[in-house]
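Please keep the sequence and the coordinates in view while reading.

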Amino acid sequence: MNDDRPVLLETRGTCLHLTLNRPRALNALSHTMVRLLDEALSRAERDESIGSVLLSGAGDRGLCAGGDIRALHDDARASGRASLEFWRDEYRLNARIARFPKPYVALMDGIVMGGGVGVSAHSGIRVVTERSRVAMPETAIGFVPDVGGTRLLASAPGELGTHLALTGRSVGAADAVLCGLADYHVPARFLPALIEALGEPAGQDASVAGIVQRFATEPPAGELAAQRDWIDSCYAADSVEEILRQLRGSGVPEAEAAADEFLTKSPLALKVTLAAVRRAARLDSLEAVLDQEFRVSSRAFEHPDFVEGVRARIIDKDNEPQWKPGSLAEVDDQEVARFFAPLGPGEQELGLAPGPTHTPVAEGQAG
């Protein structure tokens, strides 16, 4: 009989194996799943018999495609608040994973997007396969990278993270490792043996990282390393408009393709995303970044671009979103800055980091 619990827990030896179990929905995260993961990690942290944690996804299509976008869309349309409470708990889970005191292995096999990145890429031992496609594609639906993604992208070499944040492109194993989103490549056919080895009593004295390394191989060649010159040059600009001009003027076909992708994204989301990544680079902790992202997500949730983006990309699938504003020129710096301002009366900050996390942006630098 199939087990329909959304998160499966199994202890093998000293390894607690957590499985996201919504394969038909590409293991998209629900609020219930976030709570179950947090409770499991809280218990594992206190349980001296648990030496490590392993996270994987049910099915063979991916670890996790992100949050339940349709549920978030419906909540936004109804002017609800459930999504904000989901993000509050999800971001706290992301911070817990990053600070988890025991080895935490994330198997980032197949599709790993949005919230899937949040439950995996902050872990200590991140494994990708030849099937992995890792992305923060939020600008396509009028949203902004979250779950600590702006910190991960800001930490990527050069301007690779800016490129991925604005275009929302997915990367394979080699590029995920290059960008600091993963640590090891393990061929998918080795995953069952790796899972078995992590739970074997004979392996308890070995380091968890050492066990993973036994199965690791060089990943298939990536794409980004050869494109660093134009990416680092074009994306170093201080505004989305200037980045777009640089891409158009580079004479590089791949840069032209990236510029074309810009035209399909929400202009407001592009500008807020650039500002978010730049600001994340100046914040001193993941907790401070998550506090910032909660403000941004709260504002993006209220904006019509989010509902429209999900409608066009996910629900109706006509791929013809009507963004408001419809062009980069119509997005002013004050509107961008509003996404980063402290939340107003009746709104509760996430409050993970001590002290204020709001850093004013110099005029003309909002994105």
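Val112 stands opposite Val134, a residue of strand β8. Residues are numbered from 1 along each chain as its sequence is written, and side-chain values use heavy atoms, with hydrogens and water left out.

Strand β6 covers residues 111-113 and is joined to β8 by three bridges, the two strands running parallel. Strands here are DSSP runs of E with at least two residues, and helices are runs of H or I with at least four, both numbered from the N terminus; two strands pair if DSSP finds at least two bridges between them. Strands β4, β6 and β8 form, in that order, an open sheet with parallel pairing. Its edges are β4 (62-64) and β8 (133-135), each of which pairs on one side only. On average, neighbouring strands of this sheet are turned by 15 degrees against each other, direction ignored; the axes are lines fitted to C-alpha atoms, for helices over the stretch in contact, and angles run from 0 to 180 degrees between N-to-C directions. Strands of a sheet pair through backbone hydrogen bonds, either parallel or antiparallel.

The cysteines come next. How many disulfides does the structure hold? It holds zero disulfides, a disulfide being a pair of cysteine sulfur atoms within 2.5 Å. Cys15 is in no disulfide, and the nearest cysteine sulfur, in Cys64, lies 19 Å away. From the side of Cys64, the closest cysteine sulfur is that of Cys15, and the 19 Å between them is too far for a bond. Cys15 is buried at a relative accessible area of 4%, and Cys64 is buried at 0%; buried means under 20% relative accessible area, exposed over 50%, and partly exposed in between (1.4 Å probe, protein chains only).

Helix α3 (residues 82-99) contains Ile97, which is buried at 3% relative accessibility. Leaving aside neighbours within four places in sequence, Ile97 is in contact (heavy atoms within 4.5 Å) with residues including Leu41, Tyr104 and Val119. The C-alpha atoms of Ile97 and Val119 are separated by 7.0 Å, although the two residues are 22 residues apart along the chain.

Asp89 is partly exposed at 27%, as is Arg35 at 43%. In total, the structure holds 25 salt bridges.

Another salt bridge joins Arg311 and Glu308, at 2.9 Å from N to O. Because they are three residues apart in helix α15 (residues 304-315), about one helical turn separates them.

Finally, the confidence of the prediction: pLDDT, the predictor's confidence in each residue from 0 to 100, averages 94 over the protein chain, and 95% of the residues score at least 70. Over residues 357-367 the pLDDT is below 50, and this stretch has 29 contacts in the model beyond near neighbours in sequence. Where pLDDT is low, the predicted coordinates should not be read in detail.

How values were computed: This is a predicted model: local features need pLDDT of at least 70, side-chain atom pairs count only at pLDDT 80 or more; totals for chains, interfaces and linings use all residues. A salt bridge is a side-chain nitrogen of Lys or Arg within 4 Å of a carboxyl oxygen of Asp or Glu.
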